[in-house]
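Please look over the structure shown here with its charged side chains and its sheet in mind. The report below takes these two topics in turn.

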Amino acid sequence: MTHLPDPGPQPGVHDLGYARLDTDRLERTGDAEVVYGAGKTPAQVVELLRTLHATHPSHAVLATRLSVEAQEAVAAALPTAVVDPVGRTAVLGEPPVLRGTVAVVAAGTSDAPVAAEAATTARVFGAEVDVVNDVGVAGLHRVMGVRERLDAADCLIVVAGMEGALPSVIGGLVGVPLVAVPTSVGYGASFGGVAALLGMLNSCAPGVTVVNIDNGFGAGVFAARVARRSAPREIKENQ
């Protein structure tokens, strides 16, 4: 068997053996690598967060989809970390200077875990966050009551299960860029969020884009980047 020579340390990579951290991502994209906690041991989550924070000491780092055991390990080993058991996230380090506003809108309280993941992600990725809970379409007056808050945002994240109608309703009320997040809540024929996903993909309201089922993280990244880009343009236009 031929053995290739060890190329040695690779620039922009921190090799931990079980993971190869992309330490250049912050410079390339403006956002540091995020730890996806599912499938990792609590000890690995702690080491990955600690290593990323040491690499980017002036920037908050994020871990998502943490088990209860991983949340407890992070809280014990990294006492300055902010752990959210609802969104199953942990944040280590100070948030960046916030630019722009993302409104995270949840149709019902059952959507709270996905909405919380989206809200935490948007903050870590540099946007102010306004969370609007429990304004599903079964009571449209609740949506109308927060319309000004929605219209004031630079980007909207609308989280909904069941039939997934809320993004279409909001997309028809305001002209703000909107990312819809279908959730896996609902009764039997919701097919684990597929019904909401298909409803959102077929939205008749313009300006609605859709991420995958329960993907609050992906929505948070997208919305924060939209908000960050929008805010400087508004400031420039008003000068």
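## Salt bridges in the predicted model

A salt bridge is taken here as a side-chain nitrogen of Lys or Arg within 4 Å of a carboxyl oxygen of Asp or Glu. The model is a predicted one, and by this rule it holds nine salt bridges. Side chains of opposite charge can pair when their charged atoms come close.

One of these pairs joins Asp22 to Arg25, with 3.1 Å from N to O. Asp22 is buried, its relative accessible area being 15%, whereas Arg25 is partly exposed at 29%.

Asp31 and Arg225 form a salt bridge in which the closest N and O atoms are 3.0 Å apart. Asp31 belongs to the loop between α1 (25-29) and β3 (35-36), while Arg225 belongs to helix α9 (residues 216-238), so this pair ties together parts that are 194 residues apart in sequence. Asp31 counts as buried, with a relative accessibility of 3%, and Arg225 is partly exposed, with a relative accessible area of 35%.

A salt bridge also connects the side chains of Arg65 and Glu117, at 2.6 Å from N to O. Because Arg65 sits in the loop between β4 (61-64) and α3 (68-77) and Glu117 in helix α4 (residues 112-124), the pair ties together parts that are 52 residues apart in sequence. Arg65 is partly exposed at 22% relative accessibility, and Glu117 is buried, with a relative accessible area of 2%.

Four strands make up an open sheet with mixed pairing, in the order β3-β4-β6-β5. At its edges stand β3 and β5 (82-84), each of which has a single partner strand, so one side of each is left without a neighbour in the sheet.

For β5, the pairing with strand β6 (residues 89-92) is antiparallel and runs over three bridges. Within this part of the sheet, Asp84 stands opposite Thr89 in β6. Helix α2 (residues 42-55) lies across β3, β4 and β6, and its direction makes an angle of about 160° with that of β4.

Technical notes:
Residues are numbered from 1 along each chain as its sequence is written. This is a predicted model: local features need pLDDT of at least 70, side-chain atom pairs count only at pLDDT 80 or more; totals for chains, interfaces and linings use all residues. Side-chain values use heavy atoms; hydrogens and water are left out. Buried means under 20% relative accessible area, exposed over 50%, partly exposed in between (1.4 Å probe, protein chains only). Helices (H or I, at least four residues) and strands (E, at least two) are DSSP runs, numbered from the N terminus. Two strands pair if DSSP finds at least two bridges between them. Contact means heavy atoms within 4.5 Å. Axes are lines fitted to C-alpha atoms, for helices over the stretch in contact, and angles run from 0 to 180 degrees between N-to-C directions.
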